[in-house]
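Subject: Structure handover

Hi,

Here is the structure I promised to pass on to you. Have a look at it first, and my notes follow below.

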Amino acid sequence: MISSWRKRRAGRKAAKQQQHGEDDMGMMELTTPNHFRCPISLDLMKDPVTLSTGITYDRESIETWMEAGNRTCPITNQELKSPEPIPNHTIRKMIQDWCVENRSFGIERIPTPRIPLSSVEVKEMLYKFRTAYRRGDEGACREFVTKMKSKGKESDRNKRCLVANGAAAVLSAAFEAFSSRSSASASFDKYVLVLEDILTALRWIFPQLDGEAKSYLGSAASLNCLVWLLKSGDLSARGNAVSTLKELVSGDKRKVDALAEIQGVKEALVKLVREPICPTATKTSLMVIYYMVSSSSSNEDSKLRFSEMGMVELLLELLVESEKSVCEKALGVLDSICGCDQGREKAYADALTAPVLVKKLLRVSDLATEFSVSILWKLGKNEKREDGGVLVEALQVGAFQKLLLLLQVGCSDRTKEKATELLKLLNIHRERLECIDSMDFKDLKRPF
């Protein structure tokens with residue numbers, strides 16, 4: 001009897017121990033095998049690659065290491081014979097199998113990564129593309145451009161690889177080659193499709209355009225083709241063309257001068273502002289116009305031509321309701337155009353001039369305020385009408401108070417000089433006018 005009781009007691013004890021053992025097993029944390037971890041990040045590798053030293057890393061970690069300028073293996077410190085890591089398919093499949101086996105622990109299977117472009121593949125692709133455009137094979141060139149865009153959009157790494165191996169220069173050279181052929185045949189229609197494709201591909205490489213690429217795109221044939229696309233292309237082509245022109249003329253006076261000489265470019269730019277296709281195209285067009293009226297040696301002719309095309313009136317209408325970036329660019333262009341007599345005459349004749357400019361003071365940004373003060377100063381010091389003209393109009397909408405406040409809150413020395421001189425001009429007419437506040441200044445405080 002005692003023996004059977006002991007047996008039952010021992011059985012209950014064994015069952016309890018087994019139950020506790022299962023609970024402990026359920027509470028155990030899953031440990032990732034060390035050979036599945038990246039030696040750099042210590043995380044589970046998603047795209048294992050092996051270096052020439054035989055050590056395997058996660059691709060993202062080792063590429064970050066190499067992009068920092070390192071040319072050695074992080075573990076062995078040996079110099080790498082080849083900078084191109086080799087995909088380790090064996091380890092990747094083992095990691096994927098391990099993920100499937102442990103999915104009950106919440107482990108998700110890592111996807112099979114796409115094999116990224118290598119420098120060898122890019123160089124081979126660019127060589128074939130170069131051969132195709134040199135023999136004028138439009139169809140083959142379009143196929144290569146489509147392939148480059150597709151590969152570049154797969155990952156940032158592919159895009160960097162294309163840029164690092166000179167894709168921008170080769171695409172720009174192809175654009176110049178087809179532009180030259182079009183100029184020789186006196187028609188851009190023949191090669192318009194391949195030209196538009198190349199321009200689209202170049203657009204997402206713009207920040208990495210080097211001097212060689214800009215030299216190809218800045219040639220006479222390329223500039224004429226870009227202007228033709230700006231005038232006659234579809235919406236996408238016009239947007240790409242003006243973006244390319246902005247990239248080319250930025251900080252390069254010679255290209256600005258060359259562009260200003262091309263017939264029809266000014267009309268096409270004004271049309272993009274008057275009939276906007278997208279906010280980006282409007283801003284870019286204003287920037288190109290700004291370079292033409294402020295940086296080129298022929299800027300006086302450009303100012304006169306833009307004035308004749310109604311640019312002053314267009315800018316004032318645009319300024320009535322526009323966001324910060326557009327407002328700053330529009331004021332910059334207007335400031336340059338008001339540097340010529342005809343530009344000022346157009347501004348004097350427009351009833352929006354004083355109200356819009358005074359409204360922008362201290363309302364948009366420091367840059368917008370500086371441009372507004374500069375425009376009012378140019379208009380005020382050249383005002384010849386006996387009734388005071390724009391000076392009286394500015395007084396009536398509160399310019400005097402705003403300029404005083406501007407001097408109190410602080411501004412650049414050049415703007416301060418213009419504001420002080422403008423206050424003196426306004427003061428002459430102030431005695432016979434009652435100034436009207438255009439906004440409440442009580443919440444503005446002077447910074448210390």
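What percentage of the 448 residues of the chain count as buried? The figure is 47%. Please keep in mind that this is a predicted model. The chain has 23 helices and 3 strands. Among contacts with a separation of 6 or more, 67% are between residues 24 or more positions apart. The chain exposes about 23,900 Å², and 50% of that comes from carbon and sulfur atoms.

I then went through the aromatic rings, where the count comes to 5 pairs. One of them joins F36 and W98: the ring centres are 6.0 Å apart and the planes stand at 70°, so the pair is edge-to-face, given that the cut-off for that class is over 60 degrees. F36 sits in the loop between α1 and β1, while W98 belongs to helix α3, so this pair ties together parts that are 62 residues apart in sequence. F36 is buried, with a relative accessible area of 4%, and W98 also counts as buried, at 11%.

A tilted pair is formed by F178 and Y191, with 5.2 Å from centre to centre and 50° between the planes. F178 is in helix α7 and Y191 in the loop between α7 and α8, so the pair links distant parts of the chain, 13 residues apart. Both of these residues are buried. F178 has a charged neighbour too: R181 lies over the face of its ring, 5.7 Å from the ring centre. Elsewhere, F129, Y133 and F144 make up one aromatic cluster.

The helix I would show you next is α20, residues 366-381. Is α20 enclosed or open? Of its 16 residues, 12 are buried, so the helix is largely enclosed by the rest of the structure. Among the buried ones are F371, I375, W377 and L379. The buried residues of α20 pack against α17, α18, α19, α21, α22 and α23. W377 also takes part in a charge-over-ring arrangement, with R414 over its face at 5.4 Å from the ring centre.

How values were computed:
Residues are numbered from 1 along each chain as its sequence is written. This is a predicted model: local features need pLDDT of at least 70, side-chain atom pairs count only at pLDDT 80 or more; totals for chains, interfaces and linings use all residues. Side-chain values use heavy atoms; hydrogens and water are left out. Rings of Phe, Tyr and Trp (its six-membered ring) pair if their centres lie within 6.5 Å; planes under 30 degrees apart count as stacked, over 60 as edge-to-face and the rest as tilted. Helices (H or I, at least four residues) and strands (E, at least two) are DSSP runs, numbered from the N terminus. Buried means under 20% relative accessible area, exposed over 50%, partly exposed in between (1.4 Å probe, protein chains only). A charge sits over a ring if NZ of Lys or CZ of Arg is within 6 Å of the ring centre and within 35 degrees of the ring normal. Contact means heavy atoms within 4.5 Å. Accessible areas come from the Shrake-Rupley method with a 1.4 Å probe; for residues, only the protein chains shown count as cover.
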